[in-house]
Amino acid sequence: MASTGIAGLDDILHGGLTPERMYLIEGTPGTGKTTLGLGFLLAGAAAGETGLYITLAETEVELRAVGKAHGCRFGHRRGAGGV
């Protein structure tokens with residue numbers, strides 16, 4: 001299973017998300033979509049995986065601000081808390 005990066009959600013999902021699948025996360029503002037996406041990317045990066053984050057709703061500045069609040073350092077090497 002692929003960790004979502006959120007321990008409680010991984011528990012509910014019995015270990016995380018099924019690998020080799022594409023997931024669309026949808027919801028109203030403030031429901032945690034960005035937090036989930038960045039947590040998933042960080043967990044994957046820590047495991048040596050590559051990932052892709054696509055958004056049509058956030059600017060780069062907004063995404064970097066949310067990432068910074070969750071310990072994500074964009075542009076840093078994988079496995080060192082960077083994406």
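Leu52 is placed in the loop between helix H2 (33-46) and helix H3 (60-69). The model examined here is a predicted one. With a relative accessibility of 70%, Leu52 counts as exposed, because the threshold for that class is over 50%. Together with Ile54 and Leu56, Leu52 makes a nonpolar surface patch of about 450 Å². Leu52 is also listed among the residues closest to the centre of the largest pocket, so this residue, exposed at 70% relative accessibility, belongs both to the patch and to the pocket lining.

The overall architecture is helical. The secondary structure of the protein chain amounts to 3 helices and 0 strands, and the pattern read along the sequence is α-α-α. The chain has 83 residues, of which 20% count as buried.

The largest pocket has a volume of about 1,400 Å³. Its lining comprises 38 residues, and those closest to the pocket centre are Tyr23, Ile25, Gly37, Phe40 and Leu52. Divided by class, the lining contains 20 nonpolar, 12 polar and 6 charged residues. Thr55 and Gly37 are 18 residues apart in sequence, and their C-alpha atoms are 10.0 Å apart in space. Thr55 has a relative accessible area of 28% and is therefore partly exposed, a class that lies between the limits of 20% and 50%.

The loop between helix H1 (7-12) and H2 contains His14, and Glu20 lies in the loop between H1 and H2 as well. The backbone of both residues calls for comment. Most residues other than glycine have a negative phi. His14, although not a glycine, has a positive phi of about 60°. For Glu20, likewise a residue other than glycine, phi is positive and near 65°. His14 counts as exposed because its relative accessibility is 71%. Glu20 is also exposed, with a relative accessible area of 78%.

Thr18 is found in the loop between H1 and H2 too. At 35% relative accessibility, Thr18 counts as partly exposed. Although Thr18 and Met1 are 17 residues apart along the chain, their C-alpha atoms are separated by 5.2 Å.

Side chains of opposite charge can pair when their charged atoms come close. The structure holds 1 salt bridge, formed by Arg64 with Glu60, and the closest N and O atoms of the pair are 2.9 Å apart. Both partners lie in helix H3, where Arg64 and Glu60 are 4 residues apart, or about one turn of the helix.

Ala69 and Thr35 are separated by 34 residues in sequence, and the distance between them in space is 9.5 Å, C-alpha to C-alpha.

How values were computed
Residues numbered from 1 in each chain as written. Predicted model: local features only at pLDDT ≥ 70, side-chain atom pairs only at ≥ 80, totals over all residues. Heavy atoms only, no water. 1 Å grid on protein atoms, 1.4 Å probe; cavity = no way out; pocket = protein on both sides within 12 Å on 5 of 7 lines; lining within 4 Å. Points joined across faces, edges and corners; volume = space filled by probe spheres on them. Nonpolar A, V, L, I, M, F, W, Y, C, P; charged D, E, K, R; others polar. Patch = residues over 30% accessible without salt bridge, like charges linked within 9 Å, V, L, I, M, F, W, Y side chains within 5 Å. Areas by Shrake-Rupley, 256 points an atom, 1.4 Å probe, with all protein chains shown as cover. Salt bridge = Lys/Arg side-chain N within 4 Å of Asp/Glu carboxyl O. Helix = DSSP H or I, 4+ residues; strand = E, 2+ residues; numbered from the N terminus. Buried < 20%, exposed > 50% of the residue type's maximum accessible area, 1.4 Å probe, protein only.
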